[in-house]
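This report goes through one structure, starting from a charged pair and moving on to the elements around it. Please keep the sequence and the 3D view open while reading.

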Amino acid sequence: WGMNAGGSGKTVSINNVTFKAFQTADAGMSHHLSAEIYRTFHRGTCYELNIRVGTANEANFDPPIKKFTPQDLNEVKARLEQARDSFTFLK
């Protein structure tokens, strides 16, 4: 996928629409942001879909805090991917 949203990306299909897909991430001050970016042109206009997940270290919060597990992250991503995969142009 590549770490630079400005790179060439890879080609993916979402509901028979061809997108260029990119992946990027950033971190700092006990926070992390990852993003999947999907771009396409339709009737001369550029469209972009994004899946962005931001997390913070649980040590930044007063207890008690529920730890965000890898299973939690997988569930969040699956729900966001379900929304992404439902995309379609109406016209």
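## A charged pair in the helix

E75 is partly exposed, because its relative accessible area is 41%, while R79 counts as exposed at 56%. The classes are defined as follows: buried is under 20% relative accessible area, exposed is over 50%, and partly exposed lies in between, with a 1.4 Å probe and protein chains only. The two residues form a salt bridge, with the closest N and O atoms 2.7 Å apart. A salt bridge here is a side-chain nitrogen of Lys or Arg within 4 Å of a carboxyl oxygen of Asp or Glu. Both E75 and R79 lie in helix 1, four residues apart, which is about one turn of the helix.

The model is predicted: local features need pLDDT of at least 70 and side-chain atom pairs count only at pLDDT 80 or more, whereas totals for chains, interfaces and linings use all residues. Residues are numbered from 1 along each chain as its sequence is written, and side-chain values use heavy atoms, with hydrogens and water left out.

Four strands form an open sheet in the order 1-2-3-4, with antiparallel pairing. Its edge strands are strand 1 (10-14) and strand 4 (45-56), each of which pairs on one side only. From one strand to the next, the twist averages 30 degrees. Strands pair if DSSP finds at least two bridges between them; helices (H or I, at least four residues) and strands (E, at least two) are DSSP runs, numbered from the N terminus.

Strand 1 is joined to strand 2 (residues 17-28) by five bridges, and the two run antiparallel. T11 stands opposite K20 in strand 2. The hairpin of these strands has two residues between them, and N15 takes a positive phi near 50 degrees there.

## Strands 3 and 4

Strand 3 (residues 31-42) and strand 4 also run antiparallel, joined by twelve bridges. The bridge partner of R39 in strand 4 is E48. Their side chains also meet, in a salt bridge of 2.6 Å, N to O. R39 is partly exposed, with a relative accessible area of 29%, and E48 is partly exposed at 37% relative accessibility.

## Other salt bridges

How many salt bridges does the structure hold? There are five. One of them is formed by E58 and K67, whose closest N and O atoms are 3.2 Å apart. E58 is partly exposed at 33% relative accessibility, whereas K67 counts as exposed at 51%.

## Helix placement and a nonpolar patch

Helix 1 lies across strand 1, strand 3 and strand 4, and runs at about 170 degrees to strand 4. Contact means heavy atoms within 4.5 Å. Axes are lines fitted to C-alpha atoms, for helices over the stretch in contact, and angles run from 0 to 180 degrees between N-to-C directions.

L80 is found in helix 1 (residues 70-85) and is partly exposed, with a relative accessible area of 32%. With F68 and V76, L80 forms a nonpolar patch on the surface, with about 220 Å² of accessible area together. Patches are made of residues with over 30% relative accessible area and no salt bridge; like charges are joined within 9 Å and nonpolar side chains (Val, Leu, Ile, Met, Phe, Trp, Tyr) within 5 Å. Accessible areas come from the Shrake-Rupley method with a 1.4 Å probe, and for residues only the protein chains shown count as cover.
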